[in-house]
Amino acid sequence: MTTMTNPAEVLHRLADWQRGLRAQFPIIANNPGLAYLDSAATTQKPTAVLDAVTAYLTTGNANAGRGSYPWGTATGRRIDAARERIRQVLGDNGSESTVEFVGGTSDGLRAVARDWLAESLTDGDEIIAPFGDHEANLRPWLDLRDSLSRSGIRVTVRPMPVDPASGDYDHRALPSLVTDRTRFVAVTHVHHVFGVDLNVHRVRAAVGPDVPICLDAAQSVGHRPVSVADLDVDFVVFSGHKALALPGVGAVWARNRRGPRFALRGWAGTPNTTGIVSLAAALDWLDAAGLAEIGAWNTALAARLTDGLARFPGVRVLGCQDSLGADSPVQRREGIVTFRHARVRSDDLGFVLADEGIMVRADGHCQAGRDSDDHAVRVSAHVYNTPEEIDRVLEVVRRCEEMAS
């Protein structure tokens with residue numbers, strides 16, 4: 001959780017460091033007039049990742065586990081090393097954990113539901129899941145409930161309680177939902193719309209020592225440090241493309257201490273070797289750059305934006321309102337700020353920003369439980385973004401505010 005009160009100091013202190021990292025993203029360097037501020041949807045790729053993929057494809061591309069020749073065995077070693085790299089990044093020093101590669105967060109969460117949770121549920125069991133987070137972290141558990149019901153097994157999916165004041169999960173109300181039939185809890189690390197750390201470290205104490213917890217880390221892995229030792233969760237699921245790697249690859253880390261050992265079922269087929277190579281390279285780059293500093297930079301940019309938006313009466317930033325003041329003791333948003341204007345449609349504002357060379361997302365953001373027309377503008381930053389790009393957003397909003405008043 002970040003309670004930053006002086007984003008300007010952070011941005012000044014890390015300016016030279018950030019400038020050197022920004023230069024390592026070819027798409028950013030080649031488009032100096034554009035501001036890409038949609039990293040919650042997908043991140044841009046540094047040269048080190050692109051070079052690692054090119055080197056693999058031009059010097060040793062082969063299918064893993066299908067032959068005993070050097071390229072094939074080397075690819076197998078690369079995949080094993082990537083699994084170990086993920087364990088290291090997550091701060092996992094255990095010997096029982098496993099890592100399985102999947103297509104992304106959505107695919108990984110479905111795999112946990114289909115290949116692990118389904119066989120352990122019986123009639124009358126209960127799941128707790130977030131009904132206001134990304135659709136990908138609700139739909140697998142509802143689909144599993146519906147699938148089991150067709151076999152005569154009734155499972156209840158209960159909504160995770162949320163504290164309306166802070167926007168966090170309500171760890172005080174949560175224990176009252178836990179019963180002797182609670183078999184699984186799904187949570188999100190950083191909210192993809194509100195941009196807040198949902199303080200999942202409190203969930204373990206609230207649900208007790210025995211209930212497995214599955215963490216959607218799509219907006220935290222690659223954006224800030226993530227420690228499974230601190231969080232005490234049983235699954236961590238994330239996408240490579242949101243962590244500076246290529247699309248089409250993600251991972252499920254499983255602790256394997258509560259319940260059976262996790263493994264993907266069925267014939268695995270050919271792994272996404274280029275995606276895995278890119279993910280390992282991205283994790284190396286992020287580690288060398290410093291995930292703590294990246295997290296601080298992203299949060300400082302988000303604070304600069306929220307503090308600037310507070311000057312406009314027609315703008316409402318979504319999520320916890322107590323965190324919007326510059327001197328707020330409540331956590332600041334971690335690189336993601338979503339807002340609406342009272343008199344300017346969000347999709348119109350998105351088009352205006354795009355005309356100014358500023359790329360943001362302006363739609364419903366795949367948020368579960370929201371109407372498809374409930375649009376908002378989401379600005380999501382990463383280490384390649386600058387304070388000047390945030391100021392460009394604020395200038396566009398200022399002009400819209402003047403025209404709409």
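Asn 199 is buried, with a relative accessible area of 2%, where buried stands for under 20% relative accessible area, exposed for over 50% and partly exposed for what lies in between (1.4 Å probe, protein chains only). This residue sits in the loop between β5 (182-188) and α8 (203-207), helices being DSSP runs of H or I with at least four residues and strands runs of E with at least two, numbered from the N terminus. Although Asn 199 is not a glycine, its phi is positive, near 55 degrees.

The model is a predicted one, in which local features need pLDDT of at least 70 and side-chain atom pairs count only at pLDDT 80 or more, while totals for chains, interfaces and linings use all residues. Residues are numbered from 1 along each chain as its sequence is written, and side-chain values use heavy atoms, with hydrogens and water left out.

Asn 256 is found in the loop between β8 (250-254) and α10 (273-289), and it is buried, with a relative accessible area of 14%.

Turning to the chain as a whole, an automatic or database domain assignment divides the protein chain into domain 1 (7-47 + 290-404) and domain 2 (49-289). The C-alpha centres of these two domains lie 26 Å apart, and the contact between them, meaning heavy atoms within 4.5 Å, takes 40 residues from domain 1 and 37 residues from domain 2. Domain 1 and domain 2 bury about 3100 Å² between them, 56% of it on carbon and sulfur atoms; this buried area is the accessible area (1.4 Å probe) that two parts lose on being put together, summed over both.

What links the two domains in polar terms? There are 23 residue pairs in polar contact between domain 1 and domain 2, with both residues at pLDDT 80 or more; such a contact is a pair of N or O atoms within 3.5 Å, of which, within protein, one must be able to donate a hydrogen and the other to accept it, and residues adjacent in sequence count only if both atoms are side-chain atoms.

On the side of domain 1 that touches domain 2, α2 (15-22), α11 (291-309) and β10 (336-341) each supply at least two residues, and α11 gives the most, with 6 residues. The residues of that side divide into 17 nonpolar, 16 polar and 7 charged.

How values were computed
Nonpolar A, V, L, I, M, F, W, Y, C, P; charged D, E, K, R; others polar.
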